[in-house]
Structure formats: C-alpha cells, structure tokens
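Me: Hi! Could you walk me through this model before I set anything up with it?

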Amino acid sequence: MVYCGKASQGCQSCRTRRIKCDKKQPECSQCIRVGKRCPGYRDQLSLLFRDESSKVIQKAHAQWGAGTPESSPTDGSSESSSPIRGSATPSPTSNRIPGASAKLPSYELTVAAREVITSRIPRRVEPNLDQRGLKFYAERYLLNHPDSPRTPALMDVYFGDDEAIRNVMIAVGLAGMSNLLGNKSMNLAARAKYVTALKQTGQLLAGTSRDPQTIVKPLRSIVTLALFEVVQGKGSRVSAGSANTHVHGAVALARSVLPNPKAPNGGARGCLQLMLSMLIPSQMTDTPLPSGFHECLKLCKSLLQDCNESCAVDCAFAIAHLLHLLLTADQLACYDDHEETDDLIQQFLDLDTTFDRSEQELLTAYPFVVNRAAPSPALFRGRWHAYTEIWGARIWNHFRWARILLGEKIIGFTIQYPRSSARLIPPPYKVRCYAVIERTAEDMLTSTASHWRHPALDEETARKYEAPGYGGAGAAGLPSLLWHLKVSGCAPNVPPEFWDWAYDTLQVVWKNMGMQHAQALAEVMVEHRNSLQVVTDDKLPKLVR
C-alpha cells in the first residue's frame with residue numbers, strides 16, 4: 001500500500017470511462033444521462049490510503065522494459081544504460097539468422113531486460129513508518145467517530161500542507177501502534193515526532209493574529225498534542241495533568257479572538273467546550289482551576305445571553321463551584337458536630353438544589369430521547385440516547401459526572417460526620433442521593449454510543465446511534481468519556497453490571513486504539529473493586545476456633 005496524494009473523487013463509472021464526474025448526490029449526472037445506476041463515491045479514508053501498488057509496478061514495467069537499443073538513453077556509456085553489460089550494441093552480423101529479420105537481436109535483448117527488471121521490482125510497495133502512523137491515526141482517531149471531519153474545509157485542516165498537524169497526527173498514530181505492539185523503537189519515533197510537532201506548533205503560534213482564521217490550525221495542533229499525552233501517558237493522573245497544560249494553551253488561544261464575528265454566538269461554544277475539558281483534569285489532579293477560568297466563563301455567558309444555551313455556562317459555573325468545594329473539604333480540618341462542619345455540609349446541599357434546577361434547564365436546551373434496540377456490546381442494557389447533536393450530549397455527560405461526585409460527597413458526610421449529618425441530611429434524602437447516582441450513572445453509560453463508535457458496529461448502525469457532530473475533532477472528546485465511564489462504573493451502590501460494562505468498554509478502547517489512558521483507568525477500576533471486597537471481607541464475622 002502506498003500513499004498516493006490527491007485522487008479523483010468521482011464515481012467508479014466515470015473514472016472507468018475517464019470522463020469528468022460532477023459528484024452530485026445521490027447520483028451523478030453522467031450516470032443519469034446514460035441511464036446507468038451510479039455506483040456512488042469513495043469515502044475519505046479510501047481516497048487518502050488507496051492501494052495503487054499494482055499501478056506503480058505496471059508503470060515501472062512499461063517505462064523500464066519497453067526500450068530498444070535504438071531508443072536507449074544517450075547520457076553516458078552503453079554499459080551504464082543497459083541492463084545487460086556488453087550487449088547494448090550487438091553486431092548485426094554475429095546474431096543474424098538466415099531468413100530472420102535483422103531486428104531479431106533487439107527483440108531478444110528486450111525480453112532479457114524485462115526479465116532482469118521484473119526480478120528487481122518488489123511485488124508490493126510497503127508504506128514507511130510515517131505513513132503507517134498517519135494511517136493508524138486516520139482510521140482509529142479521526143475518521144470513524146461521531147465528530148469526524150466531513151467537509152473539504154475540515155479535511156484540509158488535517159491533510160493540507162501544514163507539517164505541524166501532520167507530524168502530531170503521526171506521533172499519536174505511532175504511539176497507539178507502539179502501545180499495542182510493544183514496539184520500543186516505534187515508541188521512540190512517536191516521541192521524536194511529538195517533539196518536532198511541538199516546535200512547529202510554536203512557530204505556528206508565532207504567526208497568528210487577531211484574525212480567527214489564523215488560529216484554526218494551531219488550535220487543532222494543540223488539541224492533538226493533548227491527545228498524544230493521554231495516548232502515550234503511563235498513568236491517568238500524570239497524563240491528565242500533561243494534557244491539561246496543552247488545553248490551557250488552547251483556551252487562551254481561543255479566548256484571544258472572542259468575540260468572533262464570523263462564528264455563531266461569537267464563537268462562545270468552541271471556547272466553552274475547551275473550558276469544560278479542563279474540569280476533569282482539575283478533579284483528577286486535585287488542582288484548582290486557573291484564575292482566568294471564571295472571567296472567560298462570564299464572557300461566554302454574555303455571548304450566549306440571548307439563547308437557551310446559556311444554561312451550559314451556568315452548568316459550568318456550578319461544576320467549577322463543586323470542584324472548589326471538594327478541594328476545600330479536603331484541606332479543612334473539620335470535626336463532627338462543629339459549626340464549621342455544618343456550614344460546609346450546607347454548602348453542598350445548596351449546590352445540590354442548584355444542580356436540580358440546572359438539570360431542568362438542560363432538558364429544555366438539549367432534549368434527548370431514550371431508545372431501545374437489540375442487545376449489543378455497544379449498548380448498555382440495549383438502550384441508546386438520541387441527541388440533536390454531539391455538543392448537547394457532551395454537556396449532559398459533564399453534568400452527570402459532576403452530579404455523581406456531588407452525591408458521593410453528601411453520602412460520605414453521613415459516614416464521616418454522623419452527628420452533623422443527622423441534623424442536615426435526613427434518611428430519605430440519603431436514599432434519594434443513591435437513587436439519583438444510579439439513574440445518572442445509567443444515563444451516562446447509555447449515552448456512550450452517542451460519543452464513540454464501537455468497532456463491533458457496522459457503518460449504518462453506528463450512524464443511527466451517534467450524535468451528529470460538526471466540529472471535526474475526531475476522538476478529541478474520548479478521554480473525557482473514558483473518565484465518565486470509570487466514574488459511572490465505580491459509583492456507590494450501583495449494580496455490578498455497571499462496573500462490568502464500563503470496564504469492558506475501556507478494554508475495547510485500549511485494544512482498538514492503543515490509548516494508555518483507557519488501560520490506566522481500567523486498572524483504577526480493578527483497584528476500586530478490590531478495595532470494596534477488602535472492606536466487605538473485614539465486615540464478615542470471624543470464625544471462633
């Protein structure tokens with residue numbers, strides 16, 4: 001297989017007839033004119049990585065094996081230009097056969113030359129390492145996802161003439177392949193490409209301006225650099241921190257061009273999406289959000305003030321407040337039945353009321369329908385969500401993840417501070433927290449097919465389950481989904497099948513994409529289950545001998 005650059009995008013019938021195809025949907029005009037059924041068009045992956053090895057070999061045979069002594073090159077000695085030494089200018093009389101043509105020696109030379117050349121041409125031209133990495137990235141990380149690039153403009157961002165984006169895509173592809181193959185030399189090549197892409201991205205940033213069009217390619221490159229960290233990273237906490245460094249830079253870059261007069265709502269949605277991706281790393285690494293986070297949220301709120309999507313900003317504010325309270329609770333020295341402890345618990349309960357209100361607002365802005373289908377490894381309990389677009393699906397999962405964290409903390413207070421909790425958290429409220437956690441975790445697992453295409457699904461079925469995406473980010477949102485799966489599977493008091501399905505999905509992602517982040521989170525899930533078994537064993541009655 002060889003990467004052959006730009007190819008004809010016409011239908012197979014027009015390419016066979018060597019005529020221009022107008023590429024109209026669903027059938028081209030040429031096929032309609034002659035009364036034929038149009039066979040359709042090749043997808044983008046087939047165009048980028050088509051196998052033309054046989055054509056290359058045929059052209060080589062035709063070019064190198066059809067020459068004659070009379071038409072051989074005259075750029076040097078006959079010995080260097082002829083495949084057979086000393087026979088480029090045979091004597092007309094020494095090889096003459098009575099009754100045969102005088103050109104017979106030339107024919108014999110041509111046959112011999114073809115035999116020699118054919119033995120030297122490999123039957124298949126294998127791709128080099130860069131091409132293998134790029135192909136792996138395109139197949140596993142870019143094109144087969146709900147938010148894959150589907151327009152020429154988006155495809156040009158990734159497969160144009162920009163070396164920074166190309167090198168970081170190769171780096172991610174080689175990193176995933178090396179993880180699956182255990183190939184250390186390939187891993188080193190991936191790191192080298194990453195370093196090169198990092199330098200080239202810095203050069204791209206130096207050439208940006210306030211024009212929103214100039215930040216598109218550097219922004220894509222930065223996001224893909226962050227993706228490399230979670231593919232290559234050896235641990236979920238470490239890789240999340242490294243990736244978050246890149247995301248901070250992407251947010252700053254997106255913020256620099258707000259408001260964008262050419263984008264809907266001034267470009268607030270794109271910036272808000274990047275900011276939401278900073279929330280999970282903050283919780284994973286126990287680090288506060290950057291100082292400018294809330295100011296940027298306020299700007300997005302002002303740009304979205306005239307539409308119902310402003311509730312997404314309110315949701316982000318609520319989650320940021322939750323993360324702040326969680327850090328505060330971990331750092332404070334609280335004691336049961338003290339006023340400071342009661343105040344802290346009350347703040348969490350007030351925030352729970354805010355989340356109730358936020359859920360109703362999200363249902364209005366981003367409605368979804370729960371559908372049933374035949375049992376499949378891609379669906380949790382045979383159900384899937386139908387969203388209007390993947391943006392709403394992502395907002396919902398960020399909310400669900402935070403709602404589970406909040407419920408866990410409130411339940412934890414009843415164990416850690418029983419006397420303070422007895423005054424503030426009645427038993428029915430605790431039961432409600434458990435019910436909300438289970439419902440929210442189930443919704444998060446059910447929505448997985450909207451965010452990620454399971455390799456067991458065919459194209460038609462996957463399209464039915466997926467939430468439509470228009471950003472062209474590919475698998476950039478997958479690391480957040482993996483953390484959501486882990487949180488859902490390890491949520492308190494959920495049925496064991498939640499853990500089993502989430503763990504199995506993480507393993508599929510690891511085996512299909514080579515993403516170390518998925519493997520690390522699966523290991524965290526195993527540790528969590530083992531710790532629960534230890535606690536259960538400690539509570540069992542001991543036998544008296």
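**A chat about the model**

Reply: Happy to. Leaving aside neighbours within four places in sequence, Val370 is in contact with Arg383, Trp384 and His385, where contact means heavy atoms within 4.5 Å. This is a predicted model, in which local features need pLDDT of at least 70 and side-chain atom pairs count only at pLDDT 80 or more, while totals for chains, interfaces and linings use all residues. Residues are numbered from 1 along each chain as its sequence is written, and side-chain values use heavy atoms, with hydrogens and water left out.

Me: Where does Val370 sit, and how far is its C-alpha from that of Thr446?

Reply: Val370 is in strand β1 (residues 368-372). Its C-alpha atom is 8.5 Å from that of Thr446, a residue 76 places away along the chain. Val370 is partly exposed, with a relative accessible area of 45%; buried means under 20%, exposed over 50%, and partly exposed in between, using a 1.4 Å probe and protein chains only.

Me: How many helices and strands does the chain have?

Reply: The chain has 25 helices and two strands. Those are DSSP runs numbered from the N terminus, with helices being H or I of at least four residues and strands E of at least two. Of the 545 residues in the chain, 47% are buried. Among contacts with a separation of 6 or more, 73% are between residues 24 or more positions apart.

Me: And the confidence, where is pLDDT under 50?

Reply: The average pLDDT of the chain is 84, and 81% of the residues score at least 70; pLDDT is the predictor's confidence in each residue, from 0 to 100. It stays under 50 over residues 1-5, which have 19 contacts beyond four places in sequence. Over residues 66-109 the pLDDT is below 50 too, and this stretch has 24 contacts beyond near neighbours in sequence. Where pLDDT is low, the predicted coordinates should not be read in detail.

Me: Switching topic: how many cavities of 30 Å³ or more are there?

Reply: There are two cavities of 30 Å³ or more. On a 1 Å grid over the protein atoms alone, a cavity is a set of points where a 1.4 Å probe fits but cannot get out, and lining residues have an atom within 4 Å of a point. Points are joined across faces, edges and corners, and the volume is the space filled by probe spheres set on them. The largest cavity holds about 50 Å³, and its lining is Asp352, Arg403, Leu406, Gly407, Ile410, Arg432, Cys433, Val436 and Ile437. Helices α18 (390-416) and α20 (427-446) are the elements that give two or more residues to this lining.

Me: What is the class make-up of that lining?

Reply: The lining of the largest cavity has five nonpolar, one polar and three charged residues. Here Ala, Val, Leu, Ile, Met, Phe, Trp, Tyr, Cys and Pro count as nonpolar, Asp, Glu, Lys and Arg as charged, and the others, Gly among them, as polar.

Me: What about the second largest cavity, what lines it?

Reply: The second largest cavity has about 30 Å³ of space. Pro377, Ala378, Thr448, Ala449, Trp452, His454, Trp501 and Thr505 line it. By class, its lining has five nonpolar, three polar and no charged residues. Both α21 (448-451) and α24 (496-513) supply at least two of its lining residues.

Me: Which residues of α8 are buried?

Reply: In helix α8 (residues 152-159), the buried residues are Leu154, Met155, Val157, Tyr158 and Phe159. They cover an arc of only 165° around the axis, which puts them on the same side of α8; the arc is that of the directions from the helix axis to the C-beta atoms. Pro152 and Ala153 are exposed on the other side of α8.

Me: Last one: which peptide bonds are cis?

Reply: A cis peptide bond joins Gln25 and Pro26, with omega about 0°, and the bond from Leu258 to Pro259 is cis with omega near -5°. Pro259 lies in the loop between α12 (236-255) and α13 (268-276). Asn265 lies in the loop between α12 and α13, and its phi is near 55°, a positive value in a residue other than glycine. Most residues other than glycine have a negative phi, and most peptide bonds are trans.

Definitions and conventions:
On a 1 Å grid over the protein atoms alone, a cavity is a set of points where a 1.4 Å probe fits but cannot get out, and a pocket is an open set with protein on both sides within 12 Å along at least five of seven lines; lining residues have an atom within 4 Å of a point.
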